[in-house]
Amino acid sequence: MSENKTLVRFNIQNAKYALLKSGGTYDTPIDLGTSTKIALQRDASVKKIYGDGRRIAAIVNDKGETGTLTQNNINDGYEVAMGRKLQTANGLASIKQTKNITHALYFETCGYAEDGSMPVAKTWLYGVTSSAPSENYDQNTDDINESTFDLPLEIVGTNLMSSDGTAKYKDDKGNEVIVTLLTVYPGDADYDTFGNSVPVPKMAK
């Protein structure tokens, strides 16, 4: 990771998606179109257990993350891949979604560092499913009122693997570790090719 502290993160660009294949690996990434915003929220709660008049335990229930990707246009190829649209003899039809298609989602964000440089961070989200984006089209007035489209996301993650990639990593208590998001910065290993395919998260040696 770059030694220069990043003071500000902004922008989103070069979004892609990659479908999960039957063997547990991901297919070749496909461009998702231009984006204007992404918002991610942790989907977690804490169960507090009381005994003898005091709290004796607090158990975290972490279900992953939820989010919203805002785009300039609805990507018809993505919607077909997610099972929400279908090419018919008469045109492109919106259909009832009957299954969730798991995929990985890639995007880049810009930063501003203490030395004045602007490093680009690259991120993969794992175990992503989505639902249909809302569609709103505004009438032009004194200016063109372009539309944006919010794509709801759920991110459940994937297993962190051992350093050699042969087994699921477990912590010193025997718990498997789930990775929802993986980010690299200039200077990190495989930074240049990070967006070309979906990397398998591995524990450091």
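**Reading strands and pockets**

Student: How many bridges join β7 and β8, and in which sense do they pair?

Tutor: Strands count as paired if DSSP finds at least two bridges between them. Here β7 and β8 pair in the antiparallel sense over seven bridges. Strands are DSSP runs of E, at least two residues, numbered from the N terminus. This is a predicted model, where local features need pLDDT of at least 70. Residues are numbered from 1 along each chain.

Student: Which residue is the bridge partner of Phe107 in β8?

Tutor: Thr123 is that partner.

Student: What volume does the largest pocket have?

Tutor: On a 1 Å grid over the protein atoms alone, a pocket is an open set of points with protein on both sides within 12 Å along at least five of seven lines, and lining residues have an atom within 4 Å of a point. Volume is the space filled by probe spheres set on the points. For the largest pocket that is about 340 Å³. Its lining has 20 residues, with Leu20, Gly24, Tyr26, Tyr126 and Thr158 nearest the centre. The largest share, three residues, comes from β8.

Student: Which residues line the second largest pocket?

Tutor: Among them are Leu182, Asp188, Phe194 and Val200. This pocket holds about 200 Å³ of space.

Note on methods:
This is a predicted model: local features need pLDDT of at least 70, side-chain atom pairs count only at pLDDT 80 or more; totals for chains, interfaces and linings use all residues. Side-chain values use heavy atoms; hydrogens and water are left out. On a 1 Å grid over the protein atoms alone, a cavity is a set of points where a 1.4 Å probe fits but cannot get out, and a pocket is an open set with protein on both sides within 12 Å along at least five of seven lines; lining residues have an atom within 4 Å of a point. Helices (H or I, at least four residues) and strands (E, at least two) are DSSP runs, numbered from the N terminus.
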